[in-house]
Amino acid sequence: MMNEFEAFLQRQCRLLKRSEVSEAMEYSLMGKGKRLRPQLLFAVAEGYGLSAQAGFMAAGALEMMHTYSLIHDDLPAMDNDDYRRGRKTCHKQFNEATAILAGDGLLTQAFALAANSSDDPVKALKIVKELASAGGAEGMILGQIKDLEAENSQAVTLEQLKEVHLYKTGCLFTAPLVMGAILAGQDAAIPQWRRIGALMGLAFQIQDDILDVTKSSKELGKSASDLDNKKSTYVTLLGLGQAQDAMTEVYRQTRDAIRQMNLDTQRLIAILDAMEFRQY
């Protein structure tokens with residue numbers, strides 16, 4: 001099924017008029033990413049009895065938004081990274097201007113897919129609103145600016161760091177869970193999914209902080225820019241051992257919360273297990 005989704009993503013790129021920008025969009029979108037957000041959406045949709053294919057448009061929109069955020073996050077004005085997903089970042093493979101436009105193109109195209117995410121116009125509108133909320137100035141972008149403000153700061157507290165992760169990472173982990181519920185007509189469950197998404201994003205980010213100091217850039221497939229930029233992380237604030245304990249505890253809380261949901265959670269738990277024991 002994921003191979004089918006990969007083909008779907010590439011087809012969306014190939015439908016665009018060919019230009020250096022569309023080539024850069026495809027280059028970044030089709031990199032060997034984990035595709036966690038689409039997998040989460042499919043797991044929720046299938047858990048409620050829908051097909052994964054019913055979520056392709058919404059999942060494609062999420063993956064485009066996520067990829068745009070990576071392109072811009074890697075730029076010299078942000079984290080200034082040379083490698084992403086095991087190969088050159090977009091601005092290194094092409095140039096900075098093309099990378100900015102490729103990110104803009106993916107962000108815009110994400111909303112085109114979201115608008116076509118359901119034959120039910122009410123559901124499609126809810127998907128569009130969720131995408132805008134997750135990626136906007138009160139979502140991921142808020143997390144990005146809080147993250148930049150925390151660079152080189154010696155006064156960042158653990159609570160402030162949690163807030164950065166809640167917005168920067170948690171919002172795009174919450175969105176696929178909520179979108180899966182919307183597509184399945186399970187709006188009443190959305191508050192619980194929001195809590196689960198926030199926990200999942202926090203666990204994932206703590207784990208990223210740990211991997212940054214325990215794995216090489218080659219193993220991670222990306223540069224360890226947080227260290228270079230002197231960012232506060234769970235490891236710098238707590239030490240490696242306590243950070244690992246914190247990660248394990250948040251994953252436990254996430255797993256417990258998922259098991260309380262009224263759907264088939266088998267695939268969702270399997271994804272969470274794979275996340276917890278990932279090595280990159």
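Biologist: Is Arg85 buried or exposed?

Modeller: Arg85 counts as buried, at 17% relative accessibility. Buried means under 20% relative accessible area, exposed means over 50%, and partly exposed is in between, with a 1.4 Å probe and protein chains only. Before we go on: this is a predicted model, where local features need pLDDT of at least 70 and side-chain atom pairs count only at pLDDT 80 or more, while totals for chains, interfaces and linings use all residues. Residues are numbered from 1 along each chain as its sequence is written, and side-chain values use heavy atoms, with hydrogens and water left out.

Biologist: Where is Arg85 found, and what is its phi near?

Modeller: Arg85 is in the loop between β1 (83-84) and β2. Its phi is near 55 degrees, a positive value in a residue other than glycine. The helix and strand names come from DSSP runs, numbered from the N terminus: helices are H or I with at least four residues, strands are E with at least two.

Biologist: And Arg35, where does that lie?

Modeller: Arg35 lies in the loop between α2 and α3. It also has a positive phi, about 55 degrees, although it is not a glycine. Arg35 counts as buried, at 4% relative accessibility.

Biologist: How many residues of α3 are buried?

Modeller: 10 of the 12 residues of α3 are buried, so the helix is largely enclosed by the rest of the structure. Among them are Leu36, Phe42 and Val44.

Biologist: Which helices do they pack against?

Modeller: The buried residues of α3 pack against α1, α4 (56-73), α9, α10 (190-214) and α15. That rests on contact, meaning heavy atoms within 4.5 Å.

Biologist: What span should α3 have?

Modeller: At 1.5 Å a residue, helix α3 (residues 36-47) should span 16 Å, and its end C-alpha atoms are 16 Å apart, which agrees. The expected span is 1.5 Å times one less than the number of residues. After α3 comes Gly49, with a positive phi near 100 degrees.

Biologist: Switching to α9. Where does it bend?

Modeller: α9 bends by about 50 degrees at Gly170. The bend is the angle between axes fitted to the seven residues ending there and the seven starting there. Helix α9 is mostly covered, with 19 of its 26 residues buried.

Biologist: At what angle do α14 and α15 cross?

Modeller: The axes of helix α14 (residues 240-259) and helix α15 (residues 266-276) come within 10 Å and cross at roughly 175 degrees. That makes α14 roughly antiparallel to α15. Axes here are lines fitted to C-alpha atoms, for helices over the stretch in contact, and angles run from 0 to 180 degrees between N-to-C directions. Angles under 35 degrees count as roughly parallel, over 145 as roughly antiparallel, 65 to 115 as roughly perpendicular and the rest as oblique.

Biologist: What about α2 and α6?

Modeller: Helix α2 (residues 20-29) and helix α6 (residues 96-115) have axes that come within 8 Å and cross at roughly 75 degrees. They are therefore roughly perpendicular to each other. Residues making the contact include Ala24 and Met25 of α2 and Leu101 and Gly105 of α6.

Biologist: Last one: which residues does Thr89 touch?

Modeller: Not counting residues up to four places away in sequence, Thr89 touches Asp74, Asp81, Asp82, Tyr83 and Arg84. Thr89 is buried, with a relative accessible area of 1%.
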